Amino acid sequence: MPRNRDARLAVLGSPVPRSRPAGLSSRSATALRRRIVAGALVLLSIVLITIYFREPSGGGLHGVQSGGAAVLRPFEVAAERVASPFRDGYGWFAGLVHAKSENSHLRAEVDKYSQLATQNANAAQENADLKRQLHYVGSKEFPRDYDYVATDIISRPPNEFEQQVLIARGSSSGIRFGDPVVNADGLIGLVTQVAHDTAQVTLLTDPTLKVSALDLATRATGIVAAGQGRGTLILDRVSKSQVINQDDLIVTQGWRFGKLTSRYPPGIPIGFVSGASQNDLDLFWQVQLHPKVDFGDLQSVLVLVPKNRH
């Protein structure tokens, strides 16, 4: 009995040899076959290429190639016809995208150069206006008892019933209520409100503004006021005994009575006589004026400040 038990233990304790899985040998055989097939195809390709280039143009391989091309030609034409609309559509879409991109680029360039042209035109106009103002300040026509404050117009009337503009200088520059405002062409108006850095100028075309004036040629006197039409002026209170001629220049009269003086210095141009009429019932001439100042195109002005203000 013990002997049989020892025999069984010897049998159980001895190592059992492992068998190799069948899948490994099958996988190796498949890989080997693939390598053999690939090598054979490569070898066959080399042989066919060598024969093709060595045989004459009428050889067998050339004939096979021509035959294959003839057989496949209908399929090639059909594929070409099927693909053509898609290719054309792609080309049209790509061209459209490119055209839109190019159009946007050109628009940006046009806007850029238009803006530069506008800026250059504005700069040229401002430069010319400044030269005219400086020439006027240095001329003998400029009132000798006045200094000036040059400034720009920063706000215009919102509608035709308001005749005030805002300028970019105020009391900090020495401007006060009642200072006359001119440019190189003539009288513009009067300062009617003043802040620290800005001021309001009431234009000569406002109905509330009246200016003593005279005909520079005949010395006829009257009162300049706003006319019936927008931007027009009249010379009122000119007696029939005085002479008024077409195209006469009307200027500010100016006056002095003791220590009192008029708001406006004498000799500032106002406008030209564009029409004058009278009848037996009227006591005064009916005189229309064409303003010398273009009130619709004001850019910069000169505020006249009396030298004796200090």
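Me: Is serine 262 buried or exposed, and where does it lie?

Reply: Buried means under 20% relative accessible area, exposed over 50%, and partly exposed in between, computed with a 1.4 Å probe on protein chains only. Serine 262 is buried, with a relative accessible area of 11%, and it is found in the loop between strand S11 (260-261) and S12. This is a predicted model, in which local features need pLDDT of at least 70 and side-chain atom pairs count only at pLDDT 80 or more, while totals for chains, interfaces and linings use all residues. Residues are numbered from 1 along each chain as its sequence is written, and side-chain values use heavy atoms, with hydrogens and water left out.

Me: What does the side chain of serine 262 reach, and which residues is serine 262 in contact with, leaving aside its neighbours within four places in sequence?

Reply: A polar contact is a pair of N or O atoms within 3.5 Å; within protein, one must be able to donate a hydrogen and the other to accept it, and residues adjacent in sequence count only if both atoms are side-chain atoms. Here the side chain of serine 262 reaches the backbone oxygen of tyrosine 264 at 2.7 Å. Contact means heavy atoms within 4.5 Å, and, with neighbours within four places in sequence set aside, serine 262 is in contact with Gly254 and Trp255.

Me: How many strands does the closed barrel have, and how do they pair?

Reply: Strands (E, at least two residues) and helices (H or I, at least four) are DSSP runs numbered from the N terminus, and two strands pair if DSSP finds at least two bridges between them. The closed barrel has six strands, running S6-S7-S8-S13-S12-S9 with antiparallel pairing. Within it, strand S12 (residues 269-277) and strand S13 (residues 286-291) pair over six bridges, and valine 273 stands opposite leucine 289 in S13. S9 and S12 pair in the antiparallel sense over three bridges, with isoleucine 250 opposite glycine 271 in S12.

Me: Which residues have a positive phi of about 70° although they are not glycine?

Reply: Most residues other than glycine have a negative phi. Arginine 219 has a positive phi of about 70°; it is found in the loop between strand S6 (211-215) and strand S7 (221-226), and at 51% relative accessibility it counts as exposed. Aspartate 247 also has a positive phi of about 70°; its place is in the loop between strand S8 (233-236) and strand S9 (249-252), and it is exposed, with a relative accessible area of 55%.

Me: How many aromatic pairs does a search of the whole structure find?

Reply: A pair of aromatic rings is described by the distance of the centres and the angle of the planes. Rings of Phe, Tyr and Trp (its six-membered ring) pair if their centres lie within 6.5 Å, and planes under 30 degrees apart count as stacked, over 60 as edge-to-face and the rest as tilted. The search finds two aromatic pairs. Tyrosine 136 and phenylalanine 142 form an edge-to-face pair, 5.5 Å centre to centre with 75° between the planes. The rings of phenylalanine 142 and tyrosine 148 have their centres 6.0 Å apart and their planes at 85°, so this pair is edge-to-face.
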